[in-house]
Amino acid sequence: MTIINDQRPPASGAAGLAGVAARDTVAPRSRRRYSADLSALGEPALWGFGGALALGIIMIAVFLMAVLYNGATTFWPKPIERVELTDGTVIAGVERRGTIYRPDMATLPEEVRAQVAADDGFAYRTLYQTANFDLYGDDFRWVADFEVADAANPADFYYFERQTWGVFVGRIAGMTIDGQEMAYDPAVLQREQRAARERFREIRNIERREIGGINHLIERERLNQRRAVLRQGEEAAAPVVAASQERIAELQAEFQELQARANEVRAVDRRYTVTLEEVGGRQITPEISQIVRYYPANTIGLLDKVGIYFARWWEFVSAEPREANTQGGVLPAIFGTVAMTLLMVVFVAPFGVITALYLREYARQGRVTSIVRISVNNLAGVPSIVYGVFGLGFFAYAMGGTIDQLFYPEALPNPTFGKGGILWASLTLALLTVPVVIVATEEALSAVPRSMREGSLACGASKWQTIRYVVLPKALPGIMTGMILAMARGAGEVAPLMLVGVVKLAPALPIDGFYPFIHLDRSFMHLGFHIFDVGFQSRNSEAGKPMVFVTTLLLLALIVAMNATAIIIRNRLKRKYATGQF
Amino acid sequence: MRMSLSLSVAVSVLALGAGMAKAQNIDPNLPVYEAVSGVSGNLTSIGSDTLNNLMTLWSEGFRTNYPNVAIQIQGAGSGTAPPALVEGTAQFGPMSRPMRGTEIEEFEARYGYEPLPMRGAIDALGVFVHRDNPVECLSMQEVDAIFSSTRAGGADEAITTWGQVGLTGEWADRPVAMYGRNSASGTYGYFREVALFGGDYSAEVREQPGSSTVIQGVAADIGGIGYSGVGYATADVKAIDIRGADGECYSPTAEDAGSGIYPIARFLYIYMNVDPNAELEPLRAEFVRYVYSQQGQQDVVRAGFFPLVNFIAEQDLAAFGLN
């Protein structure tokens, strides 16, 4: 180490300094070389750069750790505490967090005053998720330590996740299986809950898939009628309308049948209920199928906890949201984010690359190309919300409105393309990210050695052949880098999307089983917007907080995954090119 | 409008009794919703963010009856509803305040008739303070003196410290930090009209983009005070009572808000473009029916608002020609 350092010039960084220290002991004469001004050595600047880098890394690490910690622990089952307060009330709930605070001495009862005063006027309080919103009207409660008379973790308390109304915390008082009232039996309830969820899915399947399909056909017939009337006039369209009415009547009959089937299952479902009792003794009797998941929070073993943890994650990434997006899954949002980003790449890639190709390879370099370049660079600095406004005004209202009048007059005044939708959103984002692609592509093109072009031209290839077979392959990895940057920016962008098609709840995905299968006019959900919405717009922001972290974690993972895929593709291209060269 | 609200809900409250502490009862006279056939299509709702969650719950409930109905919901503030209705980009324009005259005129200029509102729920605005704040009750004049720069309510001076509303000890010198909504919000407009007596907000009010952001702001600021729908309350904040005209203090409960004694309560509206000469198409008609059903008003409670009574439901259904 010392030997190597000794051979280096002293100005080459921290290693050089170490070398100097080593040399100092041997030859004191060299001290003179460092009598120069400190700033001339570059060392303070180096420390500054290193420090800035370290600060940046630390900040990113802390941010990632916070998201990871909060996101990863959200789904872990936590115990239920039953707390008796000194004023006689009893609450049961899951501990969420706690803080130290200064209680107002004047309002404290005589006996705790001394106790709080002994702690310099500070006390500790805990936030409990008491749940049971339908009975209490709220779901959280602060309890100060001095209020607690007794706390325990009773074994018979369960944590229920319900289809509606959110979480319930309480005991199981009894159950009704196939109309027969009986005492609670864990094995029976477990079996029946699975069966009930199966029934629930069956009802949903009939309603969504089968009835949904019929409704879709009826709607199409209705639009067909209107189109015929609009095009041919009331009288000429009469036969079309009559035929269509007949078809609708047929579909209606089919619908009745399906409806009856769903109602049958529902009737069965109502015979299976469970009676739940909250800590104060009030009872509710929901159908078993309403219980998405339940577990005895205080007696559950580690293995079951792990099972619940992963089951919740699976539900989160594979299910639809419920309770106004604060529970359930985010599948539509994941789908929307990915579909919108990919669609954006489809638009931005050809436009960006073609523009850069022309600018770099064909256009005469001069004042005009400089102005174009400066404009493109400036475009990258325009606030994204401006693109959103442009997208809404130009794409949705102007273009979409015209498309509606020309091609979808039968649906008016309901707009088809004349509102925000996934097509307009990805076009807006493509506009937003096209400067990134242009700049990166130009850089990549200019990095292709002149000798290669000249070699190709000398062999008799035309200009286009040179670009197609020599320049573009060599530049592809660089172009891909631009694409990755554009994708990262596009997937994380939310502000303009709120104007051009992102919605809180878009029940239908942009791709489904109904003709024409890909519905570019549909609004969609987006993970970024989901975070904003759940965090800042939901009724109970306390309950929404964990979801914010989980969704953030998921969005980060999604962007990393998309970028990683692009990087892998880029590396493959690089390798392919490297072997092709020789 | 306020009159009819007070009257009808007072009747309902008497009839239902004040059973549970906070949990709401639903008028048993409201019909139970039953699905009909042939309802399908796309609907878009653009407007109030206060109503965002409620619209979502309604559409979730509506979709259990009509699986292939797609309802898209955007909520950026009540001010975004009228232009969306005029442009035809939305079929529903949820608003947390009635439309202004100019907005109605603009709509009328395009279509020749006025937009039709339905009253979907009752919302009380709570004035929230930090949970450790000992203040119990403020008069409307005091609220005005805190939030406004004009003090149209008649207060002599602006309230800037908590000592000015009678708090003592360490609270006496603690500054009042105001949190409010952004100007596109209907809550902003309504609060200005009622609590500020039509005056102007002080420039010190920190404008927040959402109802629960106001709550979060107040929760994190010991001297904070803010207004938001009572449904957004968390355990971190406390809704204070408001002193009515009779000098008594009233809490934002279903009874007091409904009877109009609690002064900052309002209807939540959903505006629609309904041609008076044509029948309402089944899709929207069924949605209106759903809102005024047992299930629809259950959703209202789930969203943290106060449910309507049958009396109002019948009035509005008649206005839509759906009896």
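## Basis of the description

The model is predicted: local features need pLDDT of at least 70, side-chain atom pairs count only at pLDDT 80 or more, and totals for chains, interfaces and linings use all residues. Residues are numbered from 1 along each chain as its sequence is written, while chains are lettered from A and ligands numbered from 1 in the order in which they are written.

## Chain A

Chain A contains 16 helices and 13 strands; helices (H or I, at least four residues) and strands (E, at least two) are DSSP runs, numbered from the N terminus. The radius of gyration of chain A is 33 Å, well over the 25 Å that the globule rule gives for 582 residues, so chain A is more spread out than a compact globule. The radius of gyration is taken over C-alpha atoms, and the globule rule is 2.2 Å times the number of residues to the power 0.38. Along the principal axes, the C-alpha trace of chain A spans about 90 × 90 × 50 Å.

Of the 582 residues in chain A, 35% are buried. A residue is buried if 20 or more other C-beta atoms lie within 10 Å of its own, exposed if 12 or fewer, and partly exposed in between, with C-beta atoms placed from the backbone. Among the contacts in chain A with a separation of 6 or more, 69% are between residues 24 or more positions apart. Two residues are in contact if their C-beta atoms, placed from the backbone, lie within 7 Å.

## Chain B

Chain B has eleven helices and eleven strands. The radius of gyration of chain B is 20 Å, close to the 20 Å that the globule rule gives for 323 residues, so chain B is as compact as a globular protein of that length. The C-alpha atoms of chain B fill a box of roughly 65 × 45 × 30 Å along the principal axes.

Buried residues account for 55% of the 323 residues of chain B. Of the contacts in chain B between residues at least 6 apart in sequence, 74% join residues at least 24 apart.

## Where the chains meet

In the contact between the chains, 50 residues of chain B touch 49 residues of chain A. On the chain B side, strand 1 (41–47), helix 2 (52–65), strand 2 (69–75) and helix 7 (211–220) each supply at least two residues. The largest share, seven residues, comes from helix 2 of chain B.

By class, the side of chain B that touches chain A has 16 nonpolar, 26 polar and eight charged residues. Ala, Val, Leu, Ile, Met, Phe, Trp, Tyr, Cys and Pro count as nonpolar, Asp, Glu, Lys and Arg as charged, and the others, Gly among them, as polar.

## Helix pairs in chain A

Two packed helices are described by the angle between their axes and the distance between the axes. The axes of helix 9 (residues 331–362) and helix 14 (residues 463–492) of chain A come within 9 Å and cross at roughly 140 degrees. Axes are lines fitted to C-alpha atoms, for helices over the stretch in contact, and angles run from 0 to 180 degrees between N-to-C directions. Helix 9 and helix 14 of chain A are therefore oblique to each other; angles under 35 degrees count as roughly parallel, over 145 as roughly antiparallel, 65 to 115 as roughly perpendicular and the rest as oblique. Residues of helix 9 of chain A in this contact include A:Met344 and A:Val348, and those of helix 14 of chain A include A:Met483 and A:Ala486. The residues of this contact divide into twelve nonpolar, three polar and one charged.

Helix 10 (residues 367–379) and helix 12 (residues 422–446) of chain A have axes that come within 8 Å and cross at roughly 130 degrees. Helix 10 and helix 12 of chain A are therefore also oblique to each other. A:Val376, A:Asn377 and A:Leu379 in helix 10 of chain A meet A:Pro435, A:Ile438 and A:Val439 in helix 12 of chain A. This contact has five nonpolar, one polar and no charged residues.

## Local features of chain A

A:Ala131 is found in the loop between strand 3 (123–129) and helix 5 (133–136) of chain A, and A:Asn132 lies in the loop between strand 3 and helix 5 of chain A. Although not a glycine, A:Ala131 has a positive phi of about 55 degrees; A:Asn132, not a glycine either, has a positive phi of about 50 degrees. A:Ala131 counts as buried, with 27 C-beta neighbours inside 10 Å, and A:Asn132 is buried with 26 other C-beta atoms within 10 Å.

A:Arg102 is in the loop between strand 2 (90–101) and helix 4 (110–118) of chain A and counts as partly exposed, with 14 C-beta neighbours inside 10 Å. In helix 15 (residues 527–536) of chain A, nine of the ten residues are buried.
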